[in-house]
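Subject: Structure handover

Hello,

Here is the structure I promised to pass on. Please open it first, then read the notes below.

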Amino acid sequence: MVTIDEERFRESFESYSRIGATENGGLHRLTLTEADKRVRDAFVEDLAELGLEVRVDRIGNIFGRREGTDLDADPVLIGSHLDSQPYGGRFDGQLGVLAALETLRALEDEGVEPNRPIEIVNWTNEEGSRFPNALLGSSVFSGGTELETALSLTDGEGTTVRDALSAIGYDGDHPVEPFDIHAHLELHIEQGPYLEEHGNSLGIVEGVYGMSWLRATITGESDHAGPTPMHTRSDAMAAAADAVSEINRLPNRLSADAVSTVGEFSIAPGSINVVPDTAEFTVDVRSYDDAVVAEAVERVHEEIEHACSRHATSAEVEALWNIESTAFDPEIRDVLEGVADDRGIAYERMPSGAAHDATRINEIAPTAMLFAPSVDGRTHNEDEFTEWEDCVVTAGCYAEAVHQLASE
Ligand code: HGY
Ligand code: MN
Ligand code: MN
């Protein structure tokens with residue numbers, strides 16, 4: 001049995017939450033920025049303090065290794081991500097990394113020496129908001145994305161991942177190559193309303209939705225807002241507005257779980273008395289059923305085409321990213337259920353609408369996740385919140401499950 005130190009866990013959480021903190025209790029800690037560097041430095045320091053062998057790979061993933069008694073045993077991998085959304089929450093990703101850190105500290109405290117090594121990780125660019133390929137570090141590690149492709153991704157200012165990594169000194173020299181993993185476990189906040197609605201303190205995640213990201217650029221003609229008759233206009237904004245309202249109505253016509261989001265939107269030239277000639281927006285479509293995601297992508301293309309023909313405009317639609325839905329390992333889910341049952345914790349099995357690095361690791365190793373409840377389901381904003389008692393309960397289960405997996 002392993003018991004976490006609640007005070008120490010909370011202190012870590014509070015101190016990491018001060019790095020890139022916003023005034024309203026959130027985090028603005030975009031991947032590979034100065035704030036991300038500072039939290040990475042804090043993480044490396046904490047790993048070194050535990051006497052772990054620390055390594056940084058070429059996509060900036062940070063690993064710490066705690067040896068087991070059996071030097072040849074495949075390790076258990078634990079961890080999550082420390083990057084945040086713009087003005088995001090302080091629980092998304094960070095809670096998982098710190099629960100993993102607290103697990104290692106608790107094992108150390110209690111002098112528990114499982115036979116398996118344990119590897120802790122902080123993945124680069126899980127969020128995908130600065131460099132639009134989410135789960136980037138874990139995707140390169142699992143072989144889902146080529147290293148060169150990842151390093152060449154650019155942000156809105158044209159900075160490449162490669163340059164951003166070296167600017168913060170995390171362009172590691174360790175090769176990005178998957179090692180054999182006995183089991184991987186990620187703790188995360190639910191980022192949805194169901195645990196709270198059902199009165200459960202823990203979610204045992206069955207799997208993660210499939211998703212596709214697109215970027216559409218609609219081109220029209222800029223004209224004078226006054227003398228240009230409506231029927232002669234090629235108004236890119238009007239076309240985009242039509243397309244976006246249809247895209248937002250799509251999910252109801254596709255499936256009970258389908259969702260679509262237009263998260264970025266810009267127009268040019270952006271003058272009050274000029275008909276816009278350019279509109280650019282992103283689309284994020286998801287469902288647990290990959291066929292629904294594929295159908296949604298097709299319908300997005302159609303809606304944009306129809307809107308463009310109504311407004312004498314043209315469009316280019318770029319596929320940014322796609323990931324299939326994934327089902328987690330039933331045996332590890334059973335370990336989690338056993339731990340929750342032993343502790344009398346109310347839990348439920350559920351899918352995840354949010355993508356996680358565990359999705360990628362599940363492609364190469366037995367993987368599972370557990371969720372802590374999100375108050376009002378709010379996330380990806382500064383109001384993101386999880387009751388501390390729920391953080392402790394979930395992290396306690398996590399530590400015990402890791403201990404059991406590492407002792408198998
Ligand atoms: O987009 C996602 O689901 C994750 O938060 N990156
Ligand atoms: Mn996350
Ligand atoms: Mn997120």
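**What was found**

Pro 330 has its place in helix α10, residues 330-342. Helices (H or I, at least four residues) and strands (E, at least two) are DSSP runs, numbered from the N terminus.

Before going further, the ground rules. This is a predicted model, where local features need pLDDT of at least 70, side-chain atom pairs count only at pLDDT 80 or more, and totals for chains, interfaces and linings use all residues. Residues are numbered from 1 along each chain as its sequence is written, chains are lettered from A and ligands numbered from 1 in the order in which they are written, and side-chain values use heavy atoms, with hydrogens and water left out.

Back to Pro 330. It counts as partly exposed, at 45% relative accessibility. The cut-offs are these: buried is under 20% relative accessible area, exposed is over 50%, and partly exposed is in between (1.4 Å probe, protein chains only). Pro 330 and Glu 206 are 124 residues apart in sequence, yet their C-alpha atoms are 8.1 Å apart in space.

Glu 196 gives another such pair. This residue lies in helix α7, residues 194-198. Its relative accessibility is 36%, so Glu 196 counts as partly exposed. Glu 196 and Pro 373 are 177 residues apart in sequence and 6.0 Å apart from C-alpha to C-alpha.

**Strand β7**

Is β7 buried or exposed? Of its 10 residues (210-219), 8 are buried, so the strand is largely enclosed by the rest of the structure. β7 pairs with strand β10 (residues 278-287) in the antiparallel sense, over 10 bridges. Two strands pair if DSSP finds at least two bridges between them. Leu 214 has Val 283 as its bridge partner in β10. β7 also pairs with strand β11 (residues 314-323), again antiparallel, over 9 bridges. There, Thr 217 has Glu 316 as its bridge partner. In a regular strand, side chains alternate between the two faces of the sheet.

**Ligand 1**

Which residues are around ligand 1? They are Glu 126, Glu 127, Met 211, Trp 213, Arg 286, Ala 354, Ala 355 and His 380. A residue is counted here if one of its heavy atoms lies within 4 Å of the ligand. By class, the shell has 4 nonpolar, 1 polar and 3 charged residues. Ala, Val, Leu, Ile, Met, Phe, Trp, Tyr, Cys and Pro count as nonpolar, Asp, Glu, Lys and Arg as charged, and the others, Gly among them, as polar.

Now the distances. An N or O atom in the side chain of Arg 286 is 2.7 Å from an oxygen atom of ligand 1. A polar backbone atom of Ala 355 is 2.8 Å from a ligand oxygen atom. For a polar side-chain atom of His 380, the distance to an oxygen atom of ligand 1 is 3.2 Å. Taken alone, ligand 1 exposes 210 Å², and the protein buries 96% of that. Accessible areas come from the Shrake-Rupley method with a 1.4 Å probe.

**Backbone details**

The peptide bond from Ala 268 to Pro 269 is cis, with omega near 5°. Pro 269 lies in the loop between β9 (265-268) and β10. Leu 32 is not a glycine, but its phi is positive, near 65°. Leu 32 is buried, with a relative accessible area of 4%.

Best wishes

Definitions and conventions: A polar contact is a pair of N or O atoms within 3.5 Å; within protein, one must be able to donate a hydrogen and the other to accept it, and residues adjacent in sequence count only if both atoms are side-chain atoms.
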